[in-house]
Amino acid sequence: MTTQPGLHEQVLVDGLREGNLKIFDYLFHYYYSGLVVFAFRYTGSMQAAEDLVQDFFFHLWLNREKTVIRQSLKSYFFSAVKNKSLDFLKHQKIEKKAETKLKFFQEDPAEEQQFMVESELEEQVNRALAKLPEKCRKIFMMNRFEGLKPDQIAEMENISVRTVEGHIGKAIRILRMELKPHFPDFMIMLFLRNLHCL
């Protein structure tokens, strides 16, 4: 049984069909980052993920008048991008990899839902990162995204290891505060701890 869009979402769907550019722009910016992360989980290529999501929105706009959405916008968007990602894998002649992933998700639908949650979390993290002081953000990203150790960062930035650790700690505190209204604390800490593995 499909879930009908809520009243607020129905307004967005109707506005999209009518060619409301403001609504389309809102939907694009609200969902884009999360969909790219989601597509990347399948394709393993950020460029391919961005291309797929941009192509999805392009065709969404072109076909807006005949688009039928019988579920939530989130479910519709993620489902469409999932199908595009699987098609991409097949067209890249790596059917074995695509079949393995497809079988995996069919056997464990909960895992797909987890990827959707993680993609939303990453989008919120990106927004929170933008609120960090410049130096603090740079050091945090060097540590968590580039996998550099505090002593390596200290040498590169010509500062003490303690200062580096202070910036990282400050970044984590700010990110936890920014993300707390959206996600459980254990999920935030687990995610932040494993950012360098993404």
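Select helix H3, residues 46-62. At 1.5 Å a residue, its 17 residues should span 24 Å, and the end C-alpha atoms are 24 Å apart, so the two agree. The expected span is 1.5 Å times one less than the number of residues. Helices here are DSSP runs of H or I with at least four residues, strands are E runs of at least two, and both are numbered from the N terminus.

This is a predicted model, in which local features need pLDDT of at least 70, side-chain atom pairs count only at pLDDT 80 or more, and totals for chains, interfaces and linings use all residues. Residues are numbered from 1 along each chain as its sequence is written, and side-chain values use heavy atoms, with hydrogens and water left out.

Stay on H3 and show side chains. Its buried residues are Ala48, Ala49, Leu52, Val53, Phe56, Phe57, Leu60 and Trp61. Buried means under 20% relative accessible area, exposed over 50%, and partly exposed in between (1.4 Å probe, protein chains only).

Next, select H4, residues 73-91. Its 19 residues, at 1.5 Å each, should span 27 Å; the end C-alpha atoms are 27 Å apart, in agreement. Color the buried positions of H4: Leu73, Phe77, Phe78, Ala80, Val81, Lys82, Ser85, Leu86 and Leu89.

Now zoom out to the whole chain. The secondary structure comes to 10 helices and 0 strands. Of the 198 residues, 39% are buried. Among contacts with a separation of 6 or more, 65% join residues 24 or more positions apart. Contact means heavy atoms within 4.5 Å. The accessible surface is about 12000 Å², with 54% belonging to carbon and sulfur atoms. Areas come from the Shrake-Rupley method with a 1.4 Å probe; for residues, only the protein chains shown count as cover.

Select H7 (134-144) together with H9 (161-179). They pack at about 95°, with axes 8 Å apart. H7 is therefore roughly perpendicular to H9, a label for angles of 65 to 115 degrees. Axes are lines fitted to C-alpha atoms, for helices over the stretch in contact, and angles run from 0 to 180 degrees between N-to-C directions.

Show the contact residues. H7 brings Lys135, Cys136, Ile139, Phe140, Asn143 and Arg144; H9 brings Val164, His167, Ile168, Lys170, Ala171, Ile172 and Leu175. They divide into 8 nonpolar, 2 polar and 3 charged.

Last stop: Asn158, in the loop between H8 (150-157) and H9. Check its backbone: phi is positive, about 60°, although Asn158 is not a glycine. Asn158 is exposed, with a relative accessible area of 72%.

How values were computed
Parallel < 35°, antiparallel > 145°, perpendicular 65-115°, else oblique. Nonpolar A, V, L, I, M, F, W, Y, C, P; charged D, E, K, R; others polar.
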